[in-house]
Amino acid sequence: MSITSAIVLYVVIWAVVFFIVLPFGQVSQHEAGDVVPGTPASAPSEAKIVRKALITTAIATVVFACVVTVVVMDWVTIDDLPSFVEFGER
């Protein structure tokens, strides 16, 4: 795996995990009872983006390490994946 593909893989894993972590612990302004004028009541009262980014980084690093280990150790190759099309000689 090249360094470029490793960076791209990490960024993709980080983004997916971030969107999974983002709604956890979210409290809307309506639920908090403090709706700021000009914003929807469903807007978050406190986003806590930095905390969620740190949690995402920790989770994404563990997932990335697992994926890289599987790829580098050749535990799974393209031949191991199921295919609907048979490649090779007929």
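Let's start with Ser28, which sits in the loop between α1 (3-21) and α2 (29-32). Helices here are DSSP runs of H or I with at least four residues, numbered from the N terminus. This is a predicted model, where local features need pLDDT of at least 70, side-chain atom pairs count only at pLDDT 80 or more, and totals for chains, interfaces and linings use all residues. Residues are numbered from 1 along each chain as its sequence is written, and side-chain values use heavy atoms, with hydrogens and water left out.

How covered up is each residue? Buried means under 20% relative accessible area, exposed means over 50%, and partly exposed is in between (1.4 Å probe, protein chains only).

| Residue | Relative accessibility | Class |
|---|---|---|
| Ser28 | 14% | buried |
| Thr56 | 0% | buried |
| Ala65 | 38% | partly exposed |
| Trp75 | 54% | exposed |

What does Ser28 touch, leaving aside its neighbours within four places in sequence? Its contacts (heavy atoms within 4.5 Å) are Ala41, Ser42, Ala43, Pro44 and Ser45.

With neighbours within four places in sequence set aside, Thr56 is in contact with Trp14, Val17, Phe18 and Val21. Ala65 is in helix α3 too.

Finally, Trp75 lies in the segment after α3. Why does Trp75 count as exposed? Because its relative accessibility is 54%.

How values were computed:
Helix = DSSP H or I, 4+ residues; strand = E, 2+ residues; numbered from the N terminus.
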